[in-house]
Every structure is written in C-alpha cells, then in structure tokens.
Amino acid sequence: MSSKGRIKVGIVGYGTIGKRVADAVALQDDMELVGVTANSYNHRIIAAQRKGYALYAVGDAAPLQAAGMEIAGTMDDLLAKVDIVIDATPSPLGAQNLVKYRKAGVKAILQGGEDADAAECSFNAQANYADAVGKSYVRVVSCNTTALSRVLGALSSRAKIGHVSATIMRRAMDPGEKGKTVMNAIEPSFSFPSHHGPDVKTVLPDIDIFSVAFKVPTTLMHVHSLEIELKGPLTTEQARDALREAPRIHLLPPKAGLDTTAQIMELGKDLGQPRGDFMEVAAWEKGVQVEGGKLHVIMAVHQESIVVPENIDAVRAMMGDKDAAASMRKTDGTLGIGKRAHKGK
Ligand code: NAD
C-alpha cells in the first residue's frame, strides 16, 4: 500500500470490463488509479486519455504516440508503481501475464475467462470474500457465475436446497463488438454441463448444480432459468424476500413494465447507472415461484457490468481488509447500486 494509505491500482486490458473497473477504482477514496494499459489505438483509449487516465503502452508506444496519445510509460513502468493489477485482457492472456506480475512483485486479479487453477482462489464477494483476504492472485468469476453465486448463495442461506438445474441463454456478443455473433440463429453448447455449473462450485462448493447453455442473437443481457429442488420448507414469498433482501440482487416489480431485457437496460439508464449499466442481478419477481417442491427463478444478467463491484471488493480483500460487508457497502455506495426500485409493485 502507498505511503498515503491508498491502494495503488493499475488496469491491464482496457476493454469492456477493464474500462468499467477503471472508472469504479477512480471512485474509491481508499484506492488510486495509477494508470491503464494501451494495447492499440482505439476509441476506448481516446476516452481514457480524455478522462485523464495515465496510459502505459503494451509493446511499441510509437503508433500510439503518432496517433496523438500521450504515453506515460511502458506496462513494466506501470507495474513498478502499483500494489495490485486488475487484469482484464482476453483469456488466456491474464494467466500468461502472471509471470510479469510475479516478477514485479505485485498482486493481481484475473477475470472469469481464465481457468480457475490460474489463481489461488476464485472470488465472489457474497459467497467467499474471506477466502481472498491477503491472497496475491485471485480470479473474479465470470458474469454468469457471479449471478448464479449471488442468487444461490442468498437462497441457500434461507432454505435447504438440493439439485439446481440451470438453463442459460447467453448473449451472442457485447453491444460494442462486431462480427462475432450468431444472426437469426440459436447455438446450443454441447458441453454437459456447460462450464458455468462447475464454475459456481469454485466459490460455493456445496451447491449441487448442472447447467446447459445456448447462445442467442442478442447483445444486451444473458437470461437464466433455474429449477431448484427444495429440501426444506420455503414459500414463494419467502424466496422473493430472500432475494429482495440480498445485496446486489434487484427484484423487478411485477407491474412496472419490466418484461424484457431491453426494458431492464432502460431502467439502468433511468437510474443513472454509469453507462446505463445494471450491476445487480435482475430477477423478475413474477419469475420467482415455488411449484411442486421446486423453486423457479428467472433472471437477467448484464454481462458487461455485473463483475465490476466484485473486482473492487477483491482488491480490498487481497490488500487485507477482512470486513466483507463494509467493503460491499462502500463499493455499492460509490457505484450507485441500491434497492431504489425494490418496494414498488
Ligand atoms: P475485451 O476484448 O472487451 O477487452 C480486452 C482488452 O484487452 C482490449 O481493450 C484489448 O485491446 C486489450 N488487450 C489485448 N491484448 C492485450 C495485451 N497483451 N496487453 C494488454 N491489453 C491487451 O474483453 P472483455 O470482454 O473485457 O473480457 C476480459 C476478461 O473479462 C475475459 O477474461 C472475459 O472472459 C472476462 N469477462 C467478460 C465479460 C463480458 O461480457 N465481456 C463478462 C465477465 C467477464
């Protein structure tokens, strides 16, 4: 930690996740955003410079400088200045970069695209914050796994749950990407289970879960349909209350005209979330129903932003802060995550 007591943070990989996490770090009064890496000249780097973020070149700085970018140094220079790196490069670059982080003596957070065994532990703030306290290398689980961990963690702390069957409809690509999607088609994954179920067990080892996944032609959000075996008493209302009261889960009021993922993203904009993001799990209240001894949950996941608060909490845990609840409250307060729309109908 720096002499002034603020945690010095560097971002390596300034894309969909990295640019959001950089903005979130800049909002924390116990952290200092030292800089972000620039890998190529693009619109994200232009915006980073306009925000005043120091840019550190990966590889040759000349093309960036020729395009008018002010470069503060190399990636190695950035590593020399920070306590911890948040690596949000495309997998498997994060795991490959660990050699550099070890050599520089900095801690590092990897993202969910990396294999679980690349880091000392996988992380979800609600599920296993304590496991990351003091660790050097931690992996924040993926967007879908984060959503599943928040919801299954909240439900299993209220009732005894058995087998979970999860059907995941995955957005084909992020809104700002091009050329990577399925068009007018649905692509099943033939991995049984899909990687999501086993990934949940890296943070909630006692959950018995099997998942299947389909890629669908949309960019906005993922949608999950869960069927959860109940091994003890739980009513529909109790299940809804468990989700309503849990942090980072937004129970969508049934009569508010929030029937589609597009309407949920519009709510994110109306709530003034950065970039119109939606960092909470968006669970439809009317999609939470107990029927024949099974609990059904239908929920949407904003893949671009849901892991942002988790990265911030992982920084605090790894730098030795043991108070999970206080970290999550602080993070949520700075990011505008709350329960503002929960009480409506
Ligand atoms: P992205 O492609 O949007 O961004 C990656 C960034 O890394 C780009 O800006 C690219 O220029 C930069 N980069 C490429 N090579 C680099 C290098 N050698 N050094 C430094 N920077 C380099 O990727 P993303 O969607 O943000 O995903 C990053 C990680 O986050 C992956 O592990 C992914 O699985 C995970 N993740 C993604 C999402 C999502 O929906 N996009 C959600 C949760 C987790």
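Me: What bounds does the domain assignment give for domain 1 and domain 2?
Reply: Keep in mind that this is a predicted model. The bounds here come from a domain assignment of the protein.

Me: How far apart do the C-alpha centres of the two domains lie, and how many residues does each give to the contact?
Reply: Take the centres to begin with: those of domain 1 and domain 2 are 26 Å apart. As for the contact, domain 1 brings 24 residues to it, and domain 2 brings 17 residues.

Me: Which residues of domain 1 lose the most area to domain 2?
Reply: Look at the elements on that side: those giving two or more residues to it are α1 (16-26), β7 (121-123), α6 (125-128), α11 (308-318) and α12 (324-335). Three residues together make up 28% of what the domain 1 side buries. They are Arg20, Gln126 and Val141.

Me: How many salt bridges does the rule find across the interface of domain 1 and domain 2?
Reply: Polar contacts are counted too, and between the domains there are nine residue pairs of that kind, both at pLDDT 80 or more. For salt bridges across the interface of domain 1 and domain 2, the rule gives seven.

Me: How far apart are the closest N and O atoms of arginine 150 and glutamate 310?
Reply: A salt bridge needs a side-chain nitrogen of Lys or Arg within 4 Å of a carboxyl oxygen of Asp or Glu. Arginine 150 and glutamate 310 do form one, and their closest N and O atoms are separated by 2.6 Å.

Me: Why do the buried residues of α10 line one face of the helix?
Reply: Helix α10 covers residues 261-270, and its buried residues are Thr261, Ile264, Met265, Leu267 and Gly268. Looking down the axis of α10, these buried residues line one face because they fall within an arc of 150°.

Me: Which strands do the buried residues of α10 pack against?
Reply: Start with the other side of the helix, where Lys269 and Asp270 are exposed. Just past the end of α10, glycine 272 has a positive phi of about 75°. The buried residues, for their part, pack against β12 (222-230), β13 (249-252), β14 (281-284) and β16 (294-301).

Me: Where does proline 92 sit, and where does proline 193?
Reply: Serine 91 and proline 92 are joined by a cis peptide bond, with omega about 5°. Another cis bond joins phenylalanine 192 and proline 193, with omega about -5°. Proline 92 is in the loop between β5 (84-87) and α5 (93-104), and proline 193 is in the loop between β10 (187-188) and α8 (196-200).

Me: Is arginine 248 buried or exposed?
Reply: Arginine 248 isn't a glycine, yet its phi is positive, about 65°. You'll find arginine 248 in the loop between α9 (236-245) and β13. Buried means under 20% relative accessible area. Arginine 248 has 1%, so it is buried.

Me: And asparagine 184, buried or exposed?
Reply: Asparagine 184 also has a positive phi, near 50°, without being a glycine. Its place is the loop between β9 (161-171) and β10. The relative accessible area of asparagine 184 is 78%, so the residue is exposed.

Key. Residues numbered from 1 in each chain as written. Predicted model: local features only at pLDDT ≥ 70, side-chain atom pairs only at ≥ 80, totals over all residues. Heavy atoms only, no water. Buried < 20%, exposed > 50% of the residue type's maximum accessible area, 1.4 Å probe, protein only. Helix = DSSP H or I, 4+ residues; strand = E, 2+ residues; numbered from the N terminus. Arc of directions from axis to C-beta. Contact = heavy atoms within 4.5 Å. Domains from an automatic or database assignment. Buried area = accessible area lost by both parts, 1.4 Å probe. Polar contact = N/O pair within 3.5 Å; in protein donor to acceptor, adjacent residues only side chain to side chain.
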